[in-house]
Amino acid sequence: MTSGLYIQVPFCQTKCTYCNFHTGVFSSQLYEPYARAVCREIEIRARGDIWPAFDTAYFGGGTPSLLAPENLARILDAARANFDCRFEEVTLEADPETITREKAEAWLAAGFNRVSLGAQSFNDLELQAAGRMHRRTDIAASVSTLRTAGFRNLTLDLIAGLPHQTADSWRDSVESLLRLEPEHISIYMMEIDEGSRLGREAIAGGERYSAGELPSDDAMADSYELACGWLADAGFEHYEISNWARPGFRSRHNLKYWRRELYLGLGAGAHSFDGLRRCANSHEPAGYVASIELGRLPTEQESTVSEREALEERIFLGLRQLEGIDLSALTGARENSLPARIEDMRRDGLVIVDGGRLRLAPDRLTVSNDVLVELMEAV
Ligand code: SF4
């Protein structure tokens with residue numbers, strides 16, 4: 001068994017209108033102390049629990065590419081010095097407009113071998129309305145810079161359902177993305193909830209943040225389904241609800257989450273799972289740094305996963321993978337109505353049971369949350 005290392009960098013240049021993450025705009029004066037604090041957290045954690053070798057690392061955010069390359073390298077060096085690291089995949093999330101040739105070369109030299117580019121759209125009106133800093137031309141330029149530097153594993157994200165998105169602009173975004181020939185693609189469906197400015201505005205029926213220009217749920221679902229067809233035609237394997245890869249390029253790190261494998265999260269708001277317990281660091285970056293400087297771990301939540309919770313996780317996380325889960329993995333809980341519910345849902349065409357495996361029906365992926373919730377209610 002191996003583990004994954006996650007490093008949270010909660011800094012952004014602006015706050016995107018649709019963002020519901022615990023990230024924000026902070027003074028760049030905090031960047032270096034933050035990187036030092038992450039290194040210190042590595043040293044403290046390395047004196048505690050023993051983790052199986054780390055074979056993946058993932059710097060997410062936020063916008064990790066805002067940190068100076070030497071600070072990113074310093075964190076990786078600290079990990080190598082304190083843990084058993086046998087990295088095969090080391091990912092950096094980056095915004096297109098933050099990438100320069102010097103940075104790309106420094107990232108490669110530090111040990112990063114995969115870059116996740118937050119493209120989101122190739123339409124400037126959509127990008128501007130969403131509060132993104134980059135524009136269409138920045139995406140192609142950043143891919144070219146990364147390729148020239150030597151990156152052979154790139155993943156690009158798109159969002160279906162951005163304000164102003166139309167059937168034509170969506171097709172253009174997906175086609176433009178495919179022309180850049182990434183190894184991996186993520187497509188997320190817009191979430192409208194109280195956690196983002198756009199979501200709150202849309203729920204209140206307002207017009208700010210172009211909330212009145214949001215595509216309907218049906219249009220968003222159509223966009224997702226069309227993309228599934230186009231990406232399949234282009235040779236991508238659809239392996240998780242939101243993720244597609246060229247053969248051999250599935251995200252090794254993210255697979256650990258869906259398979260409930262072990263990962264250690266470092267930084268403000270980072271989550272960890274050691275196989276038995278889940279814990280999370282406090283969210284606020286300055287408080288995180290202050291706590292670490294005092295030699296105290298900023299653990300905010302810690303709980304042991306109960307048998308029932310473990311079963312719910314196996315369903316909720318495992319079924320995100322299109323290959324589904326082994327039905328035998330759904331035993332172990334006390335009496336529940338899961339087998340009967342699965343049979344009902346199979347008859348209704350929501351799930352497929354085949355060869356001892358349970359998976360979501362391919363034509364129900366756009367309502368996957370509803371299907372998963374319904375299944376979990378039977379646990
Ligand atoms: S969507 Fe990403 S870049 Fe935009 S504010 Fe949220 S974390 Fe930052």
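Guide: Take strand β12, which covers residues 299-304. This strand is hardly covered, and the count of buried residues among its 6 residues is 0. Keep in mind that the model is predicted. One of the paired positions can be named: Arg278 has Ser303 in β12 as its bridge partner.

Of its 5 residues, 4 are buried, so β9 is largely enclosed by the rest of the structure. Strand β1, residues 3-9, runs parallel to β9 and is joined to it by 5 bridges. Here Ser3 stands opposite Leu262 in β9.

Next come two helices. Helix α1 (residues 31-46) and helix α2 (residues 69-82) have axes that come within 9 Å and cross at roughly 5°. An angle under 35 degrees counts as roughly parallel, so α1 is roughly parallel to α2. Where they meet, α1 contributes residues including Tyr31, Val38 and Ile42, while those of α2 include Arg74, Ile75 and Ala78. By class, this contact has 9 nonpolar, 2 polar and 3 charged residues.

Among the residues around it are Cys12, Cys16, Cys19, Gly61, Gly62 and Gly118. Lys15, Phe21, Thr23 and Thr63 are also in this shell, which divides into 4 nonpolar, 5 polar and 1 charged.

Definitions and conventions. Residues are numbered from 1 along each chain as its sequence is written. This is a predicted model: local features need pLDDT of at least 70, side-chain atom pairs count only at pLDDT 80 or more; totals for chains, interfaces and linings use all residues. A residue is buried if 20 or more other C-beta atoms lie within 10 Å of its own, exposed if 12 or fewer, and partly exposed in between; C-beta atoms are placed from the backbone. Two strands pair if DSSP finds at least two bridges between them. A residue is near a molecule or strand if its C-beta atom, placed from the backbone, lies within 6 Å of it. Ala, Val, Leu, Ile, Met, Phe, Trp, Tyr, Cys and Pro count as nonpolar, Asp, Glu, Lys and Arg as charged, and the others, Gly among them, as polar. Axes are lines fitted to C-alpha atoms, for helices over the stretch in contact, and angles run from 0 to 180 degrees between N-to-C directions. Angles under 35 degrees count as roughly parallel, over 145 as roughly antiparallel, 65 to 115 as roughly perpendicular and the rest as oblique. Two residues are in contact if their C-beta atoms, placed from the backbone, lie within 7 Å.
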